[in-house]
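Please read it alongside the sequence and coordinates shown here.

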Amino acid sequence: MATTSFSKLLSQNPFLSLLQNARTASQIFQIHAQLICRALMSDSFVASRLLFAACELSNPSSIHLTAAYAELIFSQVHHPNTFFWNTIIRFHSQTSNPLRALLFFSQMRKSGIFTDNYTYPFVLKACASMPGRREGVVVHGEVVKRGFDEDLFVRNGLISMYCRSGDVELGMMLFDGFRSRDLVSWNSMIAGYSMCGKMGEAQKLFDAMPERDAFSWAILIDGYGKKIGDVRRARELFDAMPDRDLVCWNSMIDGYSGLGMMGPARELFEAMPERNVISWSILIDGYIRHGDSKEALNIFQQMLRHGMKPDKISAVGVISACAQLGALDQGRWVHFYLKKNRILFDVVVQTALIDMYMKCGSLDLARRLFDNMRERSIVTWNVMIVGLGANGYEAEAVELFDQMEKEGTLMDDLTFLAVLTACTHAGLVAKGWEIFDRMRSDFGITPKAEHYGCIVDLLGRAGRLHEARNVIETMPMKPTLTLWGSLLAACRTHRCVDLAEVSVEQLKNLGADDSGVYVLLSNIYAEEGMWDDVWRIRKLMCARGMKKEVGRSVVEVNGRVHEFVNGDVSYLEIFSVLWSLSNNIALT
DNA sequence: ATAGGGTTAG
C-alpha cells in the first residue's frame, strides 16, 4: 500500500486515525463496535487496520485473548486482502503458534489471494520455529520463483529459517551469496552458529562484521555462556562491550546460573542498573535448578516487595519451587494470584500447578484442574500419571494410560516410565510387562535404560530375580550402575545371597564406590547371619573413607519454609514449628 | 537478530 493512498484513506475514514492512536484494548473494542454498527467491517482495509492495532497491543500474558480476538475479526471480514492475511499470519508466527500461521498461509493461497514480499518473512519465521518440517524448503522455492529473494527482509528470513532448522551451512551459503547485507543478516548468521554451539565460526563473523549493535554482543554472550558453558569468555565480552543493555545483563546472569554459579549470578543481579521480570525469573529458576528452592521462594517474595508483577513464566518457576518444597499454601497463593490478576494460564502453567498439587498431596485439586483443561500436552498427562502413582493410586495411573491409548493421545518415553513405575510400585507385574513389551511395537518408542531399570525393578520386587538378571544381561545398551543396584536391592528383600554377590561384582566392575552399595550388601550378610562378611565390608568402607549421606528435610508451616539438616538441629526452630502446628490443629 | 517456563524411581 503506497503511502499517498494511505494518507488519503486516513482523511476519508476517521476510524483509521482513531485506530492508529488506540492504546488500550477497550479503545479498540469501542472502535470495533462502531465499525460493526456502521457496517464498515466489510471494508477489508479498515478491518486490517483494526487487526493490526489489536496485534500491536498483544503482550505475552494476554496472547490467548488476542488470538481469539484476531480470529473473531477474521470471521467478520468478507473479503480479506493481502494486508489482512499478512497481519494475521504475522500475529500467529510471532506468538509461537507457527502451525496456525502456516494454516492461514495455505488458506491464503487456496483463496487465490496475492502473496507479496511482506507475506514471506512471517511465513519463514513460522517454518523456522517448527524444525524438522520441510515446509521451509518449499517456501524457499516459491520465494525464488517470485523473485522475492532479492528482498533483504525475505533473505534474512531465509537465513534464519535454515539456521533454526539446523542447516547452518545452507544459511551460510545464502549469506555468502548476498550482494548486500545488513546488520540483521550478520546477526542472524552469528545467532545461527551460536545456536549450534559453533562459537569459533560465530566469533569469526563477529570480528569480521563492519559494525555491531547490542544484539550482536548479546548473541555472543548468550552463546558462550549457555551453549558451551564458557562463562569466562562470556564475561570478557560482557566487560568489553560499550553499551550494555538489559538483555546482555540477563544473558550473562543466565550463563552463570546455568552452571550453578549462583554467587556471581546474584552479584550481577544486585549490581544491574534495572531489572525486568525476566531478570527475576532467571535468578529464581537458577536457584530451583540447583537445588535451592527455598532461596527461590525468598527471591520471589523480594520480587513482590519490589513491586515487580510476576507473569505466567515466573509463576511457573515459583510453582515448581513450591512443588519441590511441598509448600502447598504458597502454591495455592500463586494460583489465586494468577486468577485475581487475570494472568491467563496456558498449558505449561496448568501443568506446573497440577504437578504442584500432586506433590503436595492435593489429588482432588490436581484432578479438578486436569478435568477442566481444554488443551493438554504430553507433559500434562505424564504429570498426572506420575502424581497418581506417587500418591498410591497406581490403578488410576494405569487407567489414565489406557485412556491415553484409547484417545490416541501422543505419548513419549516419560509416559512409559511413569506408567511402568506405577506398575512396579503396585506389583502389577503382568500389566507392566505387557506395556513394556508393546512399547516399541505398538507405540514406536524405543525403551531407554530407565525403562529397563523399571522392568528390572518390577521383576525384582516380584521375586523373579533370575528373569531380572536376564533382562540386564540381554538389554541392548550397557547396564548402568542403578540397574545392578536395583537388582541388589531386590536380592536383599528376597534373600538371595548368590545373585547379590554377582550384582556387587558387576557394580565394582562398573566403578561404583557408592557407600550405599556396601551398606546394602553388609545388611544382606547381616540378615543371613554372615558376620565375617559383614565386618569385611565395614572395614572396606572405612578404608575408603565412606560416610552416609546427610539427611535433610523441609517443612512448610504458615507459609514459612523450614529446613532441617541431620546433626545440625536448631531445637528452637523445631519447637516453634511444632508450636504453630499444634495451633493450626487446635484451630481446625 | 538477543534474555526466562512444566514431567523421572527410592
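Leaving aside its neighbours within four places in sequence, which residues is I354 in contact with? In this predicted model, the residues that I354 touches beyond those neighbours are A366, L369, F370, M373, T380, V383 and M384.

## Overall architecture

Chain A is built from 34 helices and 2 strands, and of its 588 residues 45% are buried. When contacts between residues at least 6 apart in sequence are considered, 57% of them join residues that are at least 24 apart.

## Nonpolar cores

I354 also belongs to the largest nonpolar core, a set of 122 residues in which M189, I319 and I354 have the most contacts. Helix α22, which spans residues 347-359, supplies the largest share of this core, namely 8 residues.

## Packing of α14 against α16

Helix α14 (residues 214-227) and helix α16 (residues 246-258) have axes that come within 8 Å of each other and cross at roughly 5°. Because an angle under 35 degrees counts as roughly parallel, α14 is described as roughly parallel to α16.

On the α14 side the contact is formed by A214, A218, I221, D222, G225 and K226, while α16 contributes V247, C248, S251, M252, D254 and G255. Sorted by class, the residues of this contact comprise 6 nonpolar, 3 polar and 3 charged.

## Cysteines

A disulfide is a covalent bond between the sulfur atoms of two cysteines. How many disulfides does the count come to? The count is 0, and C322 illustrates the point, since the nearest cysteine sulfur, belonging to C360, is 7.3 Å away. C322 has a relative accessibility of 0% and therefore counts as buried.

## Loop residues with positive phi

Most residues other than glycine have a negative phi. R342, although not a glycine, has a positive phi of about 55°, and its place is in the loop between α21 (328-340) and α22. Is the side of the chain at R342 buried or exposed? With a relative accessible area of 73%, R342 is exposed.

R495 is another residue other than glycine with a positive value, its phi being near 50°. This arginine lies in the loop between α30 (481-493) and α31 (497-509).

## Two further positions

T24 is placed in the loop between α2 (14-21) and α3 (25-37), where its relative accessible area of 36% makes T24 partly exposed. From T24 to G485 the separation is 461 residues in sequence and 61 Å in space, taken from C-alpha to C-alpha.

D402, by contrast, has its place in a helix, α25 (residues 394-407), and at 28% relative accessibility D402 counts as partly exposed. Along the chain D402 and V419 are 17 residues apart, and their C-alpha atoms are separated by 9.9 Å.

How values were computed:
Residues numbered from 1 in each chain as written. Chains lettered and ligands numbered in written order. Predicted model: local features only at pLDDT ≥ 70, side-chain atom pairs only at ≥ 80, totals over all residues. Heavy atoms only, no water. Axes fitted to C-alpha atoms, helices over the stretch in contact; angles between N-to-C directions. Helix = DSSP H or I, 4+ residues; strand = E, 2+ residues; numbered from the N terminus. Parallel < 35°, antiparallel > 145°, perpendicular 65-115°, else oblique. Contact = heavy atoms within 4.5 Å. Nonpolar A, V, L, I, M, F, W, Y, C, P; charged D, E, K, R; others polar. Disulfide = S-S within 2.5 Å. Buried < 20%, exposed > 50% of the residue type's maximum accessible area, 1.4 Å probe, protein only. Core = buried A, V, L, I, M, F, W, Y, C linked by side-chain atoms within 4.5 Å.
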